[in-house]
Amino acid sequence: MQAQATTWFPWKDAYSVQVPEIDAQHKRLVEIINRLQDAMLQGQGKNVINSVLVDLEEYAKYHFSFEEDLLRRHAYPKMLTQEAQHRSFESKLGQFRADYNSASITMSVSVMDFLRDWLTRHIMQEDRAYSAHMVAALGK
Ligand SMILES: [Fe+2]
């Protein structure tokens with residue numbers, strides 16, 4: 001039997017923001033980033049890597065708009081900061097895919113580290129900052 005490969009970027013309970021829909025979306029983002037890491041390590045072709053990048057970009061956009069909608073409906077006071085951080089990451093991702101497709105960058109350990117660090121920071125700092133507000137607002 002083949003040994004189970006270790007997940008490069010494992011989900012941790014500490015990432016929970018105590019809002020189940022958001023946790024599920026964050027898990028999905030973690031999963032896409034792991035898929036990108038696998039594709040890079042296995043030396044997958046450009047088309048495969050590009051399609052994982054498209055998935056990441058699309059899912060991040062969906063997640064951000066869901067999150068912003070929820071926070072807005074519950075009058076989160078730091079909304080503007082949250083939105084600015086989301087727009088900045090969206091443009092970073094778009095730029096990153098464009099650079100990859102124009103061959104001015106290659107998939108590398110440093111790119112993967114950037115994505116993992118970004119998502120960890122998004123969850124652990126930006127999103128955990130609204131956790132208490134949302135738990136109170138949702139009456140859980
Ligand atoms: Fe988030």
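The following legends describe close-up views of a predicted model.

Figure 1. Five residues supply the donor atoms of the iron ion: His26, His63 and His122 each through NE2, Glu67 through OE, and Asp127 through OD. Along the chain, the donors follow the spacing H-x36-H-x3-E-x54-H-x4-D.

Figure 2. Histidine 63 and glutamate 67 both belong to helix 2, which covers residues 46–73. They are four residues apart, or about one turn of the helix. In an α-helix, which has 3.6 residues a turn, residues three or four places apart point the same way. Histidine 63 is buried, its relative accessible area being 0%. Glutamate 67 is likewise buried, with a relative accessible area of 0%.

Figure 3. A polar contact of 2.4 Å joins the side chain of glutamate 57 to that of arginine 97. Leaving aside residues up to four places away in sequence, glutamate 57 touches Leu93, Gly94 and Arg97.

**Figure 4. Helix 3 and its buried residues.** Helix 3 runs over residues 79–101 and contains 23 residues. The distance from its first C-alpha to its last is 33 Å, close to the 33 Å expected at 1.5 Å a residue. Among the buried residues of this helix are Met79, His86, Phe89, Leu93, Phe96 and Tyr100. The buried residues of helix 3 pack against helix 2 and against helix 4, residues 109–138. Just after helix 3, alanine 103 adopts a positive phi of about 65°.

**Figure 5. An aromatic cluster.** Trp8, Phe9, Trp11 and Tyr15 are linked into a cluster by ring pairs. Tryptophan 8 and phenylalanine 9 form an edge-to-face pair, with 6.3 Å from centre to centre and 80° between the planes. The rings of phenylalanine 9 and tyrosine 15 have centres 6.4 Å apart and planes at 70°, so this pair is edge-to-face. Tryptophan 8 is partly exposed at 24% relative accessibility, whereas phenylalanine 9 is buried at 2%. Tyrosine 15 is buried, with a relative accessible area of 6%.

Figure 6. An unreviewed UniProt entry places the feature "domain: Hemerythrin-like" at residues 20–130. In the model, this span is 86% helix and 0% strand.

Notes: Residues are numbered from 1 along each chain as its sequence is written. Side-chain values use heavy atoms; hydrogens and water are left out. Donors are N, O and S atoms within 2.8 Å of the metal (3.2 Å for Na, K and Ca); water is not among the atoms, so sites may look incomplete. Helices (H or I, at least four residues) and strands (E, at least two) are DSSP runs, numbered from the N terminus. Buried means under 20% relative accessible area, exposed over 50%, partly exposed in between (1.4 Å probe, protein chains only). The expected span of a helix is 1.5 Å times one less than its number of residues. Contact means heavy atoms within 4.5 Å. UniProt positions are given in the numbering used here, feature names are shortened, and annotations may be inferred rather than shown by experiment. A polar contact is a pair of N or O atoms within 3.5 Å; within protein, one must be able to donate a hydrogen and the other to accept it, and residues adjacent in sequence count only if both atoms are side-chain atoms. Rings of Phe, Tyr and Trp (its six-membered ring) pair if their centres lie within 6.5 Å; planes under 30 degrees apart count as stacked, over 60 as edge-to-face and the rest as tilted.
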